[in-house]
Amino acid sequence: MPFAIGLLSVLAIACALSSLVTQGQAYNWYVSKYGERTAAVIIALHADDAYHSGWFLALTGFLCLNLIGCSLVRLPGLIRRFRRMGDPDAMGEPTATEEGINKPESVFEALRMPAPTARKNGEGREELYSAKNRIGLWGAWICHIGILMLILGFALGQWTGKQETVYGVPGQTKPLGDTGLAVTIRDFTVSLREDDTVEQYTADITVTEQDTGRSEDARISVNNPAKRFGWTFYQNSTGYASRVRVLKDGKDLQEEILCVGESLAVADKPDLIIHFQAFYPDYVMADSGPATRSGQMNHPAWLYLVAYQGQVLGMNALMEGEELTIDEYTVLFDQPRNYTLISAKRDLFTPLALAGGLVTMLGLMLALYVRPASLKAVKDGEAWTVYGRCEKGGVLFAEALRDAADAERKGKPEGKGEQGT
Amino acid sequence: MIQTENVLFTIVMVGYFAAMILYFVFAATRKETLWKAAFGIQAGCLILHTAALVIRGIGAGRLPMTNQYEFATCFAWALCLVSLIFIHKYRFPALGIGAAPVIFLIIGYAAMQSREVRELMPALRSNWLAFHVSTAIISYGAFGVSFAVGIMFLLREKLKEGSYWDQHIPSLQKLDQIGYRSVSLGLLFLTFTILTGAIWAERAWGSYWSWDPKETWSLVTWIIYMVYLHLRLRRGWKGKAAAMFAVIGFICVIFTYIGVNTFLPGVHSYA
């Protein structure tokens, strides 16, 4: 137990500190943000990818070992305690005792105990006994098993799971990594509200198994993924794309669809690069630089960058209908539209992690809210003495027993039922 | 409609402030009528607060739990609800002395946020929103009460047995149990919150856990309260130590709620 407490504390501190460091950046990024010395420490400690680092995995591994050990060690004792609760002779030290009770049945009833069984004890005295909520003894154990399943499901998912992304505009078909599947984007809609805010992104896709040619259609939107060929497809994000045409001496040379951030190498002069830097549907030149007033295509503008043999030649914005001329080449941007980025995931162990979460939840409910209690009444002359034992929350149980006993002595039933959960 | 909600919100804020002052004066003067008046004002404010939330929900056409203002006002509402239930259930009127200032601080924080009703971004348009956020609100409310009980425990320790406060503050043993029960409630609902959030994230982004700062700090909070439970069970860490742990735990809850949103932006930045 002290080891588990120490381990949990170290894990909490590790998680908290790691959250303060931006994850997954390059060394130079940390240098510019924290300085060279701190950046070196971050990299040395793998704090740039803390949750996948060796030391974090080791901590999680120790936690799993501890959970397994704890569950195994506690199991026999737990079974014994569970069985003992049904045996009046093995009740153990009472949490509270009340004497001078005439009708013990009313105390059992007030505490919402099951109907007691009557018997003569070893001393030949009349005795009533009942126990309830024995299942509550299993709460912490079940919770441990649930956490173990959760960690196992997550770890196996991280290890064996696969994730791919594909992006494009309607009409395009692209392979989904090396999965053997291809995704055709049939349609992509951005539904806007009256106030110009986005209500939903919806993509109609066709997933094709390249080997067999078998294909299935799906409609996906945010919060509504679709499962096809064992993969789950998500509408992940969106951005702008545009048609880019290159003319040489006034004649068509090439035509491509570029998404923002993509580049095009001129077909007969590959050292000449046209980079599609940004797109503004309702362009305005603000103090801070180019911006857009709205999401409507009122005044579209394309921000481009031209490079030749790795040297930047220029960067500027083109309005609708404007051309970019570089020697004998003319570049035209038109037909702006939204592209969609679709992610696909295959993780066979997500159900295990989910089951682990649910089992943890069940364990916690049993551990925290199902309080095992036993009540024994022994006839002592004309009156009865009632012994109560509660495995959790003894003070409140004793108070409830006292209230029930007082009510019985006064001759009125007390239905408080503190242990009724 | 929003105008009505604003008026109700202002009344509620003033009401919570008045209840807090009455609890303080009760602590100073020990006049019975004062805590009863404070309790009554809080109960009345809870009804008006509920009305304000319902009106905002109708006006917005959705559950009012999606931005900083809405979460803060719901948090104050839940804290008020849970504290009133605990006061009633455990016959513990002085709990208000610890809980009322926290309620007022949270509603004050809500007052500083923008009350503009905004449409939901696509990721938030999900039925999981109701489960995820409402369980978080109850959880935070219960942890707020455990904080107040912890404070009352530390105060009760300074008071002599047989004093006036015996009628209004339960014994240290019972306070310890009440604190444990409020932590239990908070922890159970926090687990619900994390679980429903993971299921929702899986549907929305295809990743049920991505170490987003809010996720991470929720886990940190969960671990802290788990350590609290282990210490109670196995190391006999009851009484003062447990009370102090509950106070520290709630500070962590507040950081998870306000600190993370302010200093560690992530996918929960709108919350």
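**View 1. The largest nonpolar core and the residues with the most neighbours in it.** In this predicted model, the largest nonpolar core holds 149 residues, and among these Phe75(B), Ala76(B), Ala78(B), Leu79(B) and Ile103(B) touch the most other members. Helix α6(B) gives the largest share of this core, with 17 residues. A second core, which is separate and has 23 residues, includes Leu111(A), Ala373(A), Trp384(A) and Tyr387(A).

**View 2. The surroundings of Leu79(B).** Leu79(B), one of the residues that touch the most other members of the largest core, can be followed to its individual partners once residues up to four places away in sequence are left out. These partners are Ala99(B), Val102(B), Ile103(B) and Ile106(B), together with Gly141(B), Gly144(B) and Val145(B).

**View 3. Helix α1 of chain B and what it packs against.** Helix α1(B) runs over residues 2-29, and the distance of 40 Å from its first C-alpha to its last is close to the 40 Å expected for its 28 residues at 1.5 Å a residue. Its buried residues include Glu5(B), Leu8(B), Phe9(B), Gly15(B), Tyr16(B), Tyr23(B) and Phe26(B), and the buried residues of this helix pack against α2 (32-60) and α4 (95-111) of chain B. After the helix comes Arg30(B), which has a positive phi, near 60 degrees.

**View 4. The side of chain B that touches chain A.** Where the two chains meet, 37 residues of chain B are in contact with 38 residues of chain A. On the chain B side, the elements that give two or more residues are α6 (172-205) and α7 (213-234), and α6(B) provides the largest share, 14 residues. Sorted by class, this side of chain B is made up of 23 nonpolar, eight polar and six charged residues.

**View 5. Chain A, its domains and its overall extent.** Chain A is divided into domain 1 (1-52), domain 2 (85-133 + 371-421) and domain 3 (240-342), and the centres of domain 1 and domain 2 of chain A, taken over C-alpha atoms, are separated by 54 Å. The secondary structure of chain A consists of eight helices and 21 strands. Its radius of gyration is 35 Å, well over the 22 Å that the globule rule gives for 421 residues, and therefore chain A is more spread out than a compact globule. Along the principal axes, the C-alpha trace of chain A spans about 120 × 55 × 50 Å, and 31% of the 421 residues of this chain count as buried.

Technical notes:
Residues numbered from 1 in each chain as written. Chains lettered and ligands numbered in written order. Predicted model: local features only at pLDDT ≥ 70, side-chain atom pairs only at ≥ 80, totals over all residues. Domains from an automatic or database assignment. Helix = DSSP H or I, 4+ residues; strand = E, 2+ residues; numbered from the N terminus. Rg over C-alpha atoms; globule rule 2.2 N^0.38 Å. Buried ≥ 20, exposed ≤ 12 C-beta atoms within 10 Å, placed from the backbone. Contact = placed C-beta atoms within 7 Å. Nonpolar A, V, L, I, M, F, W, Y, C, P; charged D, E, K, R; others polar. Expected span 1.5 Å × (residues − 1). Core = buried A, V, L, I, M, F, W, Y, C linked by C-beta atoms within 7 Å.
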